[in-house]
Amino acid sequence: MDTKTPEQLLNDQLAACLEAMQDCLAHSRTRYSDDTYGHRRRNDIAFVAKLMKASARLTESLASLRGETRHSIRVSRESVDKAPVDKGGGA
């Protein structure tokens, strides 16, 4: 029996996840006469989003195993001049 490394197992899971995503997207493009409101399509798209989150976690785990973990956070703030607020009682 072949013993796989954690990296190989994660790669296999990622490949299965990506294949399921492609199948689900192909299924979501199919038109159904009994789905006039698009519920099947919406459910397929929601499932693809969940699979994308799972594949991102798998990819992050693979990068961590390889020592390639990077956290880049970019925050930008624009300064906006605001007009003074008149809190007075009137005219």
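Author: Let us start with burial: a residue is buried under 20% relative accessible area, exposed over 50%, and partly exposed in between, using a 1.4 Å probe and protein chains only. The model is predicted, so local features need pLDDT of at least 70 and side-chain atom pairs count only at pLDDT 80 or more, while totals for chains, interfaces and linings use all residues. Residues are numbered from 1 along each chain as its sequence is written, and side-chain values use heavy atoms, leaving out hydrogens and water.

Reader: Why does Cys24 count as buried?

Author: The relative accessibility of Cys24 is 10%. The limit is under 20%, so Cys24 counts as buried.

Reader: What makes Cys17 buried?

Author: Cys17 has a relative accessible area of 8%, and therefore it is buried.

Reader: Why is Ala63 called buried?

Author: Its value is 19%. Because the term applies under 20%, Ala63 is buried.

Reader: How many helices and strands does the protein have?

Author: The protein has two helices and zero strands. Both kinds of element are DSSP runs numbered from the N terminus: helices are H or I with at least four residues, strands E with at least two.

Reader: How do you know that the length of helix 1 agrees with expectation?

Author: The expected span is 1.5 Å times one less than the number of residues. Helix 1 (residues 6-28) has 23 residues and should span 33 Å; its end C-alpha atoms are 33 Å apart, so the two agree.

Reader: Which residues of helix 1 are buried, and what covers them?

Author: The buried residues of helix 1 are Leu10, Leu14, Cys17, Met21, Cys24 and Ser28. Their cover includes helix 2, where contact means heavy atoms within 4.5 Å.

Reader: How many disulfides are there?

Author: A disulfide is a pair of cysteine sulfur atoms within 2.5 Å. By this rule the count is zero.

Reader: What is the nearest side chain of opposite charge to Asp44?

Author: It is Arg41, 7.2 Å away. Lys and Arg count as positive, Asp and Glu as negative, with His and the chain ends not counted. A salt bridge needs a side-chain nitrogen of Lys or Arg within 4 Å of a carboxyl oxygen of Asp or Glu. Asp44 is buried yet has no salt bridge. Asp44 is placed in helix 2 (residues 39-65) and touches Cys24, His27 and Ser28, leaving aside residues up to four places away in sequence.
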